[in-house]
Amino acid sequence: MRALVSVSDKTGLVDFARGLENAGWEIIATGGTMKLLKESGIKVISISDVTGFPEICDGRVKTLHPKVHGGLLARRDDESHLKALKENEIEFIDMVCVNLYPFAATIAKENVTMEDAIENIDIGGPSMLRSAAKNWKDVTVVCDPADYETVLSQIRENGNTTRETRLQLSAKAFTHTALYDSCIAGYLREKAGLTKKLFMSFDEVQSLRYGENPHQQAGFYRSAEHVPFSLADAVQLNGKELSYNNIQDANAALNMVREFTEPFCVAVKHMNPCGAAIGKDIMEAWTKAYEADKVSIFGGIVAMNRAVTAEVAASLKPIFLEIVIAPDFTKEALDILCTKKNIRLLTVDMSVPKCAGKQFVSVNGGVLVQDQDFASGEDFGNCVTNLKPTAGQLTDMEFAWKIVKHVKSNAIVVVKDGRTAGVGAGQMNRVGSAEIALKQAEAAGLKEDIVLASDGFFPFDDSVEMAAKYGVKAIVQPGGSVRDEDSIKKANELGISMIFTGVRHFKH
């Protein structure tokens, strides 16, 4: 049995090759791979000794040869193939262990030249992977060091890999070359000035019981890139598996948590916050978020940016919640909450507050792509009214502005003392959203010195007039309406301070 080894990533290679050698396999290798194996005391056959041809063109041509691909592609059950190999003095190659030049890592480097990028396009590697993967019934193809131990274990036990494993490794190899080629194609299309082509690759995390409704099939997929605040990499500590709607709601909650560095807690229903608050510690933040709307939180999702303590857990336990998300749970908190077998407890990496990325939304026959909304150009110094906000009001305005960004448009959020007092979401007109939020605040007994945030500008001054009737003393909004002066005039008449941020946060 013979294996051809040629890798860029040499992680675990020496142990793998030694395991093959101990199992009686011959090892063929190229260039740097051969040098490493020889230095490690492993007997190696040079690829040039197999092909009878030297490596040429600075190593660009070394494995592109009939004695390589004939040995890989020949079917062992086809007499004509066997005859062709015998006539041309070609021996079988029973395994290919190849990983490719680091093209993606190369183009990710700052100031990389196109010449460097081109030199990191692997030609012989993908060719060998594809040849071996096509002939998977007879040839084992290994492109991932994570598979070394499985392959060695089966060889030790059976003398070779199983048919099932070879098929799985074949599929992985074709996936590897497909992703590699898509990366190259995307880079060269951009350099050539061609229209962009979107290549997307996601791995299934789980098959979901159903989608938004029981008659809809659904699945949850993750991208190859690990990012903070991602459910795809969450660790579930308790409860049944997540549903489609759970994932949507939990993702919305995490997007709000991501806005804050101080202790923060949010409760979410149907992707909108029903209560959110900051506090001196996470217990205070949770208590304020809960008190913001004790009714809507029933069956909701709670997320916080500090570890759940025993004190917080004891307060959470009596409430019916679907999910609790945090960077960690103390042992005592888990002992308390895990007595409720259905509550889902998730830990999520919150190590980096914001991480640039793209947002994808499917539409019929296409996909919309946009940058995630990490706008940093908000101007909280742009007070457009005669009356300026107090320090406390300004703090609440900044808090409200971070929350309203994550509420379905038209969005209005009312805030008092670092917690939501009312949320108006998804109405067809802004006055309707304002009325919902303001009446909610009034029902909670909050009628004085409250702050209002609007995700979009006020087209008329009627929202300002309504806000004043409910005790609003400060408003933050983007500005930009042709009738901005009407709203400013009305705010001045009613003793309201108003800031124009210059940034809009629509969320459809």
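A disulfide is a covalent bond between the sulfur atoms of two cysteines. For my search, a pair of cysteine sulfur atoms had to lie within 2.5 Å to count.

**Entry 1**

I am working with a predicted model. I searched the whole structure for disulfides and found zero. I then looked up C274, which is in no disulfide. Its nearest cysteine sulfur belongs to C265 and is 9.8 Å away. Is C274 buried or exposed? C274 has 9% relative accessibility, so it counts as buried. I also checked C383, which is buried with a relative accessible area of 17%.

**Entry 2: helix α10**

I turned to helix α10, residues 163-192. This helix has 30 residues. How far does α10 reach from its first C-alpha to its last? I read 43 Å, close to the 44 Å expected at 1.5 Å a residue.

Next I listed buried residues in α10; among them are T165, R166, L169, S170 and A173. Further along the helix, Y180, I184 and Y187 are also buried. I recalled that an α-helix has 3.6 residues a turn, so residues three or four places apart point the same way. What covers the buried residues of α10? The cover includes helices α6, α7, α8 and α9, along with strand β5. After α10 comes G193, with a positive phi near 75 degrees.

**Entry 3: helices α1 and α2**

Two packed helices are described by the angle between their axes and the distance between the axes. I looked up both values for α1 (residues 13-22) and α2 (residues 31-39). The angle is about 70 degrees, and the axes are 10 Å apart. The two helices are therefore roughly perpendicular to each other. L13, V14 and A17 in α1 meet T33, L36 and L37 in α2. I sorted these contact residues into five nonpolar, one polar and no charged.

G31 is also in α2. At 32% relative accessibility, G31 counts as partly exposed. I compared G31 with V7: they are 24 residues apart in sequence, and their C-alpha atoms are 9.5 Å apart in space.

**Entry 4: backbone angles**

Most residues other than glycine have a negative phi, and most peptide bonds are trans. I looked for exceptions.

- N111 has a positive phi near 65 degrees. N111 lies in the loop between α6 and α7 and is exposed, with a relative accessible area of 71%.
- M271 has a positive phi of about 70 degrees and is not a glycine. I found M271 in the loop between β9 and β10.
- The peptide bond from S409 to N410 is cis, with omega near -10 degrees. N410 sits in the loop between α15 and β16.

Conventions:
Residues are numbered from 1 along each chain as its sequence is written. This is a predicted model: local features need pLDDT of at least 70, side-chain atom pairs count only at pLDDT 80 or more; totals for chains, interfaces and linings use all residues. Side-chain values use heavy atoms; hydrogens and water are left out. Helices (H or I, at least four residues) and strands (E, at least two) are DSSP runs, numbered from the N terminus. The expected span of a helix is 1.5 Å times one less than its number of residues. Buried means under 20% relative accessible area, exposed over 50%, partly exposed in between (1.4 Å probe, protein chains only). Contact means heavy atoms within 4.5 Å. Axes are lines fitted to C-alpha atoms, for helices over the stretch in contact, and angles run from 0 to 180 degrees between N-to-C directions. Angles under 35 degrees count as roughly parallel, over 145 as roughly antiparallel, 65 to 115 as roughly perpendicular and the rest as oblique. Ala, Val, Leu, Ile, Met, Phe, Trp, Tyr, Cys and Pro count as nonpolar, Asp, Glu, Lys and Arg as charged, and the others, Gly among them, as polar.
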